[in-house]
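Student: Please pick one part and take a close look at it with me. Then link it to what lies elsewhere.

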Amino acid sequence: MLERFVAQLTRLIFGHRAALLLALAVLTVIMGGLAARLHMTAGFGKQLPLGHEYTETFQQYQGQLFGANRLVVVVQARKGDIWTPAVMAKLSAVTQAVLYLPGVDRRSVASLWTPNTRVMQVTEEGYEARDVIGGDVTPERLDAAAIARIRDNVIQGGYVGSLVANDFSGAMVTADLLEVDPATKQPLDTLALGRSLEAELRSKFEDAQVEIRIIGFAKQISDVADGANSVMAFFGLAFVLTALAVYWYCRSWAFTATALVCSLTSLVWQFGSLSLLGYGLDPLAVLVPFLVFAIGVSHGVQQINAIARGIGEGQSVFEASRASFGALLVPGTMALVTAFVGFATLLLIPIPMIRELAITASLGVAYKIITNLIMLPVVASYVRLGADYGAIMQRLRVHREGVVAVLGRVAEPANARKMVAFGLLLTVAAIWAGHDRVIGTVRPGAPELREDARYNRDAVGIASTFSVGLDVLTVVVEAPADSCHDFARMSVIDDLAWQLANTEGVIGTAALPQLVKLGAAGFNEGNPKWGDMPRDARSMASFIGLVGEGSGLYDPRCTVLPVHAYLADHKASTISRVVDVVKDYRQHEPLGELKVRLASGNAGVQGATNEVLAATELPMMLYVYATIVALVALTYRDWRAVVACCVPLTVATFVGYWFMKVLDIGLTVATLPVMVLAVTGVCSHQGQVVLVGLDGTLAVGRADAARLDLLPLQDRASLHSVWPLDGRTLALATATGPRTLAWPQKG
């Protein structure tokens, strides 16, 4: 039945070749116009796992808690320190520039020049509060005396290590970004903001005296996008090398162009479809379309190989193209369906960026069925070749068969046992070495960028000169009204902050009880013996009043009392340790009416992503494997074909995990799709399977029969290689010379 359908479809398509190609050309022109409108898009919200506890906490309190999508700018003196009029004036100008960047939440901007940076001091008359840089100081009126006062205020206010570097070599400006630009009322264009950071900050203010360092999600993803633009240059080089490789194989520029143009056509359709659906191309997924292009080229080479073989056997180009279409349509479709399902399983991961990537890859693979299995042989049927092309390909085939015959010795029973044993040892070693691979980022900085990239150098430079962690995990404590005046509830929060502060990887914490105790000591001449929380609610209220609501450590009704944990880095191991401490605390400690919720801050968002990847990776891979097993079994109707396909696939998967562990590559939203591509790619070339059984049978998976035929084979030890000549004939290279083997057609 399947063979009858393929035969009818072959007659239909090759009977209307011109009309089909005209329709495909019109479609390509339309899709090309849509593809021209495609542009890169990125947003912080696309990284947030949908429905996760941490994400819900972040979104609920996004307007009250800062730190998740933070921008950090450091004015770094190239020589000496910042205590000069020129550097301080530069810091003021940078602060003003940050305030007016698109999408910046101006409430959150903090710098030595902003009024929310204050110093509190205990004097003989009580508390004295003042701005670090008073309103009467302007950049134009800075002198040695004014700078000396600013320096004293910074030291007394405890800003060394936070807003000012430990060695006074730099000063920081921090700001939080909004998801919606208040000026345009549209989603914040993160990539445009990244370009603005270069134009409005680095290019404008960096000079021989100061260096401008910038980190944050907006800058990171913008740098990734800039790097993605350079991918086109690498793609051009890869395209040329691919063309040369295809030509070397088929020795025809016409066939080479056919394979490449058909694969590029699916790329145009893919980009056009994304534009039609309203999607952009995420910088973290920019490689996926070109990887899908490579899959198309590989399937195109299979078609060209089948056509060239037919020509070498005396068929015309039309006849060979028609035969290739009929022979490879079913197995090629099955292989591409496997890849399609593999990418579609990424939709199981509730992260918008990965789901967009899944749609991008799935569309590209689906279009390959048309462009590489239908369009390519039809286009190839119009190719005109020299009269000697068949003879040339026959000579090449004989030469290549000699090479394959040597390589084919690994399949001889004696050698095959050794290879199987080696594969088994390799699998065991890979499982042992890669079992504890990391979910999430492994190295500091942005793993998508090179270690010597400007962003990563800025991140390392800031981390080495400032004490405050640039990665923040915020634990939200929900409480009844006026809980910040209750000693018992405040004690629970204080204990949680102490537990976090003593966790490996945590530089420090910030919570309301800590400032209350500082205020209590200050009211008693700074005596540390009085540095504890008062039991009296009125005394507690008086100390909290000194903190101010602008601290972000409590809300007006005292129902939201966050604990900020500043981390040394955003490595997955660091985040997981902190998260485990919080989970253990809320499970085993008496919380009363308090509710401890994870988590906000950029590290909290990263922790949510890590947990989602860890929870969905195994089910997703099992779905991919189940799909491959089902399709291979359906295609070849024999369990040995399933084993032959899936065992190497399993080995390759574990070896991939091993390499990730050795190379310090974590499983992230950027690397997971590549692993899926590797899994589906292994079985995308199983159009024809030839298995030599140890029981004296030859199991042949024929491309046009969708089943296995078992044939007796004598002298199997002398077999060098096997390849199909057509639907019913095998060519065998043996120790006694080449011979053919035919079998009767079965119903």
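**From a patch to a network**

Tutor: Val240 is partly exposed, because its relative accessibility is 44%. (Buried means under 20% relative accessible area, exposed over 50%, partly exposed in between, with a 1.4 Å probe and protein chains only.) The model is predicted, so local features need pLDDT of at least 70 and side-chain atom pairs 80 or more, while totals for chains, interfaces and linings use all residues. Residues are numbered from 1 along each chain as its sequence is written, and side-chain values use heavy atoms, without hydrogens and water.

Val240 sits in helix α8. (A helix is a DSSP run of H or I, at least four residues; a strand is a run of E, at least two; both are numbered from the N terminus.) With Leu237, Leu241, Leu244 and Trp253, Val240 makes a nonpolar surface patch of about 510 Å². (Patch residues have over 30% relative accessible area and no salt bridge; like charges join within 9 Å, nonpolar side chains within 5 Å. Areas come from the Shrake-Rupley method with a 1.4 Å probe.) Helix α8, residues 231-250, gives the patch its largest share, 4 residues.

Now the charged pairs. The whole structure holds 21 salt bridges. (Each is a side-chain nitrogen of Lys or Arg within 4 Å of a carboxyl oxygen of Asp or Glu.) In one of them, Glu211 meets Arg213, with the closest N and O atoms 3.8 Å apart. Glu211 is buried, at 17%. Arg213 is buried too, at 13%. Salt bridges with shared partners join both into one network, whose members include Arg78, Glu206 and Asp458. Glu206 and Arg78 form a salt bridge at 4.0 Å, N to O. That pair links distant parts of the chain, 128 residues apart.
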